[in-house]
Amino acid sequence: MSETARTSTADPTTTAVIAAGVLETEPRGRTGWTRILLGRDAVMIYALIAALVIAAISIPRFASPVTAGFLLLDVIPILLIAMPMTLVIITGEIDLSVASIAGLTSAVIGVLWQAGLDIGLVLVIGLVVGAVAGAVNGFLIAVVGLPSLAVTIGTLALFRGLALVVIGDNAVANFPPELTAFFTSKLGATGIPTVMIGVALVIAFFAILLHFTPFGRGLPAIGFSKEAARFVGIDVARAKFWLFVGTGSVSALAGIFWTLRYSSARSDNASGLELAVIAAVLLGGVSIFGGRGSIPGVVAGVLLIGVINYGLRLGRVSEVILIIVTGSLLIASVVAPSVGQAIGRWRHDRRVRRELPQATASGRPRA
Amino acid sequence: MTVATRNAPRTERTSPLSGFLRRREIPVAAALIVLVLVTYAANPLFLSQQGVKDLMLNATIMIILAVGQAMVIFTRNVDLSVGSILGLVAFLTGTLFADAPGIPIPVVFLAGLALGALLGAINGLLVTVAHVPALVITLGTLYVYRGINNAWAGGTQYFAGDRPDEFGALAVDTVLGFPIITLLAIAVVVIVGIYLAGARSGRDLYAIGSDPEASRVFGIPVARRVMTAFVVNGLLAGLAGVLYAARFNSVGATTGTGMELDVVAAAVVGGVAIFGGSGSVAGAAIGAVLLTTITSALTALRVDKFWQQAVVGILIIAAILVDRIASVRTARKLRLTEARDV
Amino acid sequence: AGGGGDGGGDGSGQDGDQTITFIPKQLNNPYTDVVLGGGEDGAESAGFASSQVVGPLDASASSQVSFINAETQAGTNVIVIAANDPDAVCPALEEARSGGAKIVAFDSDTNPDCRDVFISQVVAKDVALIQVELIAEQIGGSGEIAILSATANATNQNEWIKYIEEELDSNPDYADIELVAKVYGDDDDTKSFQEAQGLMQAHPNLKGIISPTTVGIAATARYLSTSEYKGKVALTGLGLPNEMRPFVKDGTVTEFALWDPAQLGYVAAFAGKALADGDITGAAGDTFEAGDLGEREVGEGGVVIVGPPTVFNADNIDEYDF
Amino acid sequence: MSIAPPNAPAPLLSLRGAAKTFGPVVALADGTIELLPGEIHALVGENGAGKSTLVKILAGLHHPDAGDFLVDGAPVAFRTVADSKAAGISVIYQEPTLFPDLTVAENIFIGRQPRGRLGLISRAAMRREAMALFERLGVPIDPDRPAEGLSIADQQIIEIAKAISIDARILIMDEPTAALSGVEVERLFTVARSLRDTGAGILFISHRFDEIFALTNRITVMRDGRYIGTHDTAAATVDGIVREMVGRDIDQLFPKQDATIGEVVLDVSGLSRRGVFRDVDLQVRAGEIVGLAGLVGAGRTEVARAIFGIDPYDTGSVTLSGARLKPGNPQAAIDTGIGFVPEDRRKQGLVMDLSVGRNLTLTLRNTLSRAGIIDTAAERRAADTWSQRLQVKTGSAEFAVSTLSGGNQQKVVLAKWLATEPRLLIVDEPTRGIDVGTKAEVHRLISDLAARGIAILMISSELPEVLGMADRVVVMREGRVTARLDRADATPENVMLAATAEPAPMLEDTK
Ligand SMILES: Nc1ncnc2c1ncn2[C@@H]1O[C@H](COP(=O)(O)OP(=O)(O)OP(=O)(O)O)[C@@H](O)[C@H]1O
Ligand SMILES: Nc1ncnc2c1ncn2[C@@H]1O[C@H](COP(=O)(O)OP(=O)(O)OP(=O)(O)O)[C@@H](O)[C@H]1O
Ligand SMILES: [Mg+2]
Ligand SMILES: [Mg+2]
């Protein structure tokens, strides 16, 4: 065979720099420990620690066990619901009805308790109500195939409406004092609420489920590509169904906590909590498009918001500032990485340009 | 080898009527008509002159917001900050009338539109320049704008009495039976509708929502179009804010709180696909009318007040279901009559 | 609940170093602002070292709790609160008390067990009666009426409504008046506006509306003034003069009532001071000096009454500015 | 120094020494190409050689890190795709980029829809023009249907219609024929030649040498991101080009090994799905490779999806080694020992945003766990083992699989199924868009598997591949099996006849 012509524009320097198809001087993708220490989750944890330190130094009385108690009691509902919500968002769905489910649960246990049922039975029925509500979402989303954002806007209204139907304009407050006292009790002198033990169990359950089980391995795959997930045998519909049952059940837990902590069962309990939960989850590094996210990051995100909230309140900074800070933090948490990426890209381009010979100085008018 | 194995394309066109019936707005519009008729049968006052006027007035602001929101959703984005934008603009309107007595009404409108567009542009910039998901950004600006509104307004509220009568009259006077602000909303639907269906840049919005990556590869100026959608949405939220001030009694720190999900619900009920690419502003507008009418209808039907919200929820879900059934039908038809052996 | 103790210890006791914090139902509400204005005045006159206003932006049941918690930890001596939910705030208030703080409820009471005194606008029954009286007069003593309230759970609203219903049932003067509906505008302008509309449609023979909430009465007035029902359907209730002025002038509303909200805050501050100084304990019969407003007495159940409601109409409305 | 023949007209486009890096990956080290008016220029190279990257630079989608780029002799630096379009460059990308919600006609004309009254888009004119284009390409596609649900072949045809509708002076086609059948390829070539004759320059990328030699005037070879050389097609040979592409002599292309055929592993009988396929009977034995041939759209993929449980079926049964398979349950199919390499690796074969490692172990997630908890160390080991065994070229197992070239992606798909040690492996178009070197490797792998006693069902639109690899060939047409041929009887003529016309009497039924 004949070669009509042959050119080689590659000069020796270029060849040297990019010998094995890989830039020698370029930092490789992070692996192993650096990946963990510099990852998104780690940054959230550093931010949390920084916020704690700053608050402890600048706000008198912040550094005390009392803070731990009040702060944790405040964030528990968000922390609880954020766990299954993380999994749901990782599969690319969303559940806006969580606060309404908590409200419905609260209403149901209020009415049943007033009707004279045994408190244990009442709480179990409350949980079942949450699970059933979640199953309704799950059925519509996973089985019928409706978009979750739309469905749960509907059930947000529906479940809150049902709460009103159940309890109307009444409020039930006379829960057993031992029980309500238990929900605000602390673990010895640590200031940590006793119920945190249960919450920690819930967190551990979802962390293991997401990060160390076959089921959890499938979730990011579903979030990135439902179709490809199906081709490796993941039952997408079933996984989603159970996740919504999960958010329903945990929302019911949050509803129970809410009712007993404030010893007040009302139809409007926990209203508006859905956006707070989602904000915390997104701040914790979960991608709203699905696929990416982790439980440690989300826990750090929830606590960060909690610390800032409580710190500012203790410092008597106005609520107005607080919501501006929360909003800005949320924006910053997603904008910062993309700014970081842009800087990285720019530095990479500059390095490459320095290393690769620019063939003609004049010939490349940048339009 | 020949193409003999393939049938010739079917020459008959799908009839205009069946094409019309397949449109996604139809089930919602039908639901709206049924709702109105049933309510009317039970309570003739529902369609009295005042009743009809009230229905239109109730829907007006939601229609304008839903049209803007639909534009953003077409591009596979969402704007949750509209309620906060509306609140800020409404308060601006109140402030202008209070602090600059005698200010011409058109100037107030322009100022409101400008502030709305500015706030929309901030959303758009963050979304397009920083390449971050709109849901997160606008959830953030929802809080920030609301915070600014609170900081600015404090406990101040402006009441109907602080505004010139001609301004309030916009929400009272009618032309051909239509309140003036409702006519404005209809004009918005028509103009935006024509733009989206008939202008190249309008069609681009659907393409972007349909497949953002492909749009980039194809050379559609994605950032510019998405930016446009956000700015227009902000502008319309601004318009809604000014009209809110004309129609309602007071504007203050909390005006427009909690509206965002209702607006998204209206668009979705009207057949706007939440993941972009399909739907129409007419559909979104009908969705808005349906949702605002449900509340009035239930009151007119004397449905127990505690049931009202639950019924609204059921209707939202029913609307999505109906829409879904319709689109599954079309999809099945497409599958059975595959493109090339139509 | 031992945690609150170490917070409260250092601030209390020394006179002249006392702090007071007001926690309204919701910030940035015009009515609340007037109340708080009076409160801050009162706090200064009563001799508090500093006074604060903290509170949620939304009036939900439990949102006040974390503010109470923060105040407990900050060692505030007197917490003045308008409860969004009488029971939800209780555990937190108990904790604050065990840390040494004195609790004054005002505007909307908490569960009596968890506060020291409650500063009430007026006698609840008086408020109810004056509204029935006004509406009966305006509709000529017979016909259908409706109530447009705030939220379905609001304590004070529900108490007034209860008295209104009792009075309509028991007083033969009102035998021809029929209460046909109770609706809730959730103290939201838009919602109240639409509820007002709905009332007209659902009850074509409606002659009058009572709206015992400032947001509700203003929204309803605005609706009536722009609709064909103006002048045909009577409206009364509790409203702010500044907000209602145009509707009184244009004839939509003839008369409505309210107490002076500033006095409420003012008295609450003095009650707090008296409690903190140990002058009173909140028991019935205790008396304290409330600055310019003179001596007040704690009544049954620890309730302090501020004063009678004022009736506003076209003749006197311009004399008030709140 | 010029690569153009003497007396040649001035080049339409010339790129020299272009480089492009993604992080540490050098996609292109020396991209060089020259396109003359009136020529069809082939660009060949192994998977990952940098062809698509070069195309994306020409299209203005990537900005080169270095190099000269001239259009009509003037230096240019495109910032966006719009710039390259304005310069008369039209590109068909390797992966179709259609908008599923828009109609076919709108997909073709998006951004430059014909306008009518008041400057508004005229749908009638748009439909007319689309019909005319399809007429020209000889394919009847309804211009009013949405692009959603179109087969890959139809999508590719719409891409082609889109590109030629622009009347571009420079047409770049990145593997346009990968999803097309013979008829459609022929049509495409006719159109390409007529464009060339009007003076346009066409850059054509393909892994199929028959097409390259039938269509092009010159061939440029790339390897490892570098320009190797340019040849006149008339003077070039397949062997010579291949040697330049891979830098070595390659093994036999269809290395069919003898295997002992054992028991029936897969037994499909009477499988039907309304409107898709009817009465499909199929058997695959241990160690046997059964080729499923037919034209694009014959329903082969549909049958495979039904067997694996992705799609439901109406009647019939699927049995694996005597055990009846639950319909519509892929996990059950995997558990009983079926592996499935789907035809669309980007959407079905891989989770593109997930790392190489996670993709590899996704099929193993159940087997790698003890008491419900995944053994992460074993997971990492499995990922390393299998990516090494199939020689997947990647910087790290933690990189997203989307950063790999097409061929390497396909290797990951194969690896993740081989890792499950299946009894039956269904491979759908296993070498679509894969270079010769990798192709031979894939073939060797498949052949190895059969030799180890695994039953293989291979769907392929490439006749030589089917004939070269299969022990038996089953031919489908319009959803029905029209012939079953033993290796000896499977001639190109017999297969094509069964695929396109009524079953001829001479075709014997081997069942
Ligand atoms: N966006 C990207 N990020 C990282 N690496 C990339 C990216 N795009 C391409 N590459 C790498 O660049 C190299 C060249 O890829 P390219 O797609 O150009 O190959 P190709 O010649 O078109 O191969 P094929 O024949 O398989 O399509 C590959 O090694 C690929 O992994
Ligand atoms: N995406 C799709 N949606 C709906 N129906 C489809 C789709 N793709 C194909 N079909 C239907 O299935 C039939 C078989 O098509 P398919 O492309 O699967 O055949 P194939 O023989 O596997 O061809 P290929 O070589 O493309 O894999 C088509 O005639 C069509 O009716
Ligand atoms: Mg390629
Ligand atoms: Mg196929």
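## Chains C and D: placement

Chain C and chain D do not touch; their nearest C-alpha atoms lie 37 Å apart. Contact here means heavy atoms within 4.5 Å. Five pairs of chains are in contact, and chains A and D share the most contacts.

This is a predicted model, in which local features need pLDDT of at least 70 and side-chain atom pairs count only at pLDDT 80 or more, while totals for chains, interfaces and linings use all residues. Residues are numbered from 1 along each chain as its sequence is written, chains are lettered from A and ligands numbered from 1 in the order in which they are written, and side-chain values use heavy atoms, without hydrogens or water.

## Chain C

Chain C has ten helices and 14 strands. These are DSSP runs numbered from the N terminus: helices are H or I with at least four residues, strands E with at least two. The radius of gyration of chain C is 20 Å, close to the 20 Å of the globule rule for 322 residues, so chain C is as compact as a globular protein of that length. The radius is taken over C-alpha atoms, and the rule is 2.2 Å times the number of residues to the power 0.38.

Buried residues make up 64% of the 322 in chain C. Buried means under 20% relative accessible area, exposed over 50%, and partly exposed in between (1.4 Å probe, protein chains only). Chain C carries 16 positive and 52 negative side chains, and the centres of the two sets are 6 Å apart. Lys and Arg count as positive, Asp and Glu as negative; His and the chain ends are left out. Each charge is placed at NZ of Lys, CZ of Arg, CG of Asp or CD of Glu.

## Chain D

Chain D contains 17 helices and 22 strands. Its radius of gyration is 24 Å, close to the 24 Å that the globule rule gives for 511 residues, so chain D is as compact as a globular protein of that length. Of those 511 residues, 63% are buried. Chain D has 57 positive and 65 negative side chains, with the centres of the two sets 4 Å apart.

## Magnesium site in chain D

Thr301(D) (OG1) and Glu343(D) (OE) coordinate the magnesium ion (ligand 4) at 1.7 to 2.7 Å. Thr301(D) sits in helix 9 (residues 300-308) and Glu343(D) in the loop between strand 16 (338-341) and helix 11 (345-349), so the pair ties together parts 42 residues apart in sequence. Donors are N, O and S atoms within 2.8 Å of the metal (3.2 Å for Na, K and Ca); water is not among the atoms, so sites may look incomplete.

Thr301(D) is buried, at 13% relative accessible area. Glu343(D) is partly exposed, at 25%.
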